[in-house]
Amino acid sequence: MTTVLPARRAREDVVDAWTRLSAASGAVARAADLMASLPAPPARTPGQRAAIAAAKEAARALRTRFMDVYADAVYDRLTADRTLDLRIAELLDAAAAELPGLVPDSARLAAERSRPQAAKEGDEIDQGIFLRAVLRSPTAGPHLLDAMLRPTPRALRLLPGFTRTGLVEMDAVRLERRADGVARITLCRGDCLNAEDSAQVDDMETAVDLALLDPAVRVGLLRGGEMSHPRYRGRRVFSAGINLKSLSSGDIPLVGFLLRRELGYLHKIVRGVLTDHPGQWHSPRVEKPWVAAVDGFAIGGGTQVLLVCDHVLAASDAYLSLPAAKEGIIPGVANFRFTRYVGPRPARQVILEGRRIRASEPDARLLVDEVVEPEEMDAAVERSLRRLDGEAVLANRRMLNLAEEPSDAFRAYMAEFALQQALRIYGQDVIAKVGRFGATPPGGPARVVPGGG
């Protein structure tokens, strides 16, 4: 029997509406009770798996129906009528406290974080349901996107020191500003070929914020540093993409990695960082042009980074790939941006079939502005940085980005991505594939072979 949704009410009554709806249905409580009474997911019998799957489906259907009706009212309550700029993690924390059972609370999430991916319940799917509804809303969605464009507290703490010294060194990223006005962001996880994890995403957003906020910076550069990894020791590598070993161990969260990456530093490279300078009446965002230089390879997330930069160089022996479909997941916003660069047929070949694009082949010129010999990369990078250091560059890149990637289209993509990526990281095919990487010896590569899987 279908539970009837309460009538629409004022913002103050949305908690009461959820409480009455969930109590009348009982679906949320049944799913919670069943999870508590059963053994961990890997130890469940087929019958137990079927029972818990049905219970979760009923609870998720209820949450979806509620959020389809009440997304704006929920968001307004949690953000005090949009006067609070809550980042995604803060918004979900507030929702868990105000509307118990709508999204997982801190205790549930802590329990999930302690387990490998194969042993998790999939509570992040409920976060995806919530965020899809919020991002779909033409009222709440833009406000949340703007909240994610604000500088992080960590960047604001580091800003005075960076503007004074021009240097910040973090575990995964080194940021240096030189006299030429270039902020050089070097990915320096040399042991794992710059494979991405939550710590790297945090360091990247901090570095991008600092580069955008520092008035002495005019252009940003993204490049991989020299590797200590045995196979690539002493050579520069751009990025091996997502750290599949971390995904297998349960350390690639939906909110802290998969969504923060897209709505944080990558979106800031496109749109700029949102500030509140009273005299900045012509634009509330600080934007700057970006150059990316690819040495070795840009796999998965590495290629995704290239799609938001204004100029891309690649060494002639480099290659690009988006193997997410082979891994079972969605390659971030690449499905939204990649076709714009290469057209529909090559996009399907790369994203659906795992085709690599080598810098030396003609199709690479659809993604890369310059292909140079490895020994010529340094000089070519410096030339490209000088070309983007012009007064009219900022205004024109802003207009190009508005034309190529309208905010509402991006928001609609991210709304669906929030749920679909959550479903994918808990797919049995993904768990089986990434489980192979859990056996990688300590200190081993993030992937079996860079450019594989």
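1. Helix α6 (residues 124-136) packs against helix α18 (residues 407-425) at an angle of about 170°, the axes being 8 Å apart. Because angles over 145 degrees count as roughly antiparallel, α6 is roughly antiparallel to α18. Axes are lines fitted to C-alpha atoms over the stretch in contact, with angles from 0 to 180 degrees between N-to-C directions; helices are DSSP runs (H or I, at least four residues) numbered from the N terminus.

2. On the α6 side the contact (heavy atoms within 4.5 Å) includes Ile-125, Ile-129 and Leu-135, and on the α18 side Met-414, Leu-419 and Leu-423 are among the residues.

3. This is a predicted model: local features need pLDDT of at least 70, side-chain atom pairs count only at pLDDT 80 or more, and totals for chains, interfaces and linings use all residues. Residues are numbered from 1 along each chain as its sequence is written, and side-chain values use heavy atoms, without hydrogens and water.

4. Mean pLDDT (the predictor's confidence in each residue, from 0 to 100) is 92 for the protein chain, with 93% of residues at 70 or more. Over residues 439-453 pLDDT stays under 50.

5. The domain assignment, automatic or from a database, gives domain 1 (14-148) and domain 2 (152-276 + 284-405). Their contact takes 16 residues from domain 1 and 17 residues from domain 2. The C-alpha centres of the two domains lie 32 Å apart.

Key. Helix = DSSP H or I, 4+ residues; strand = E, 2+ residues; numbered from the N terminus. Parallel < 35°, antiparallel > 145°, perpendicular 65-115°, else oblique.
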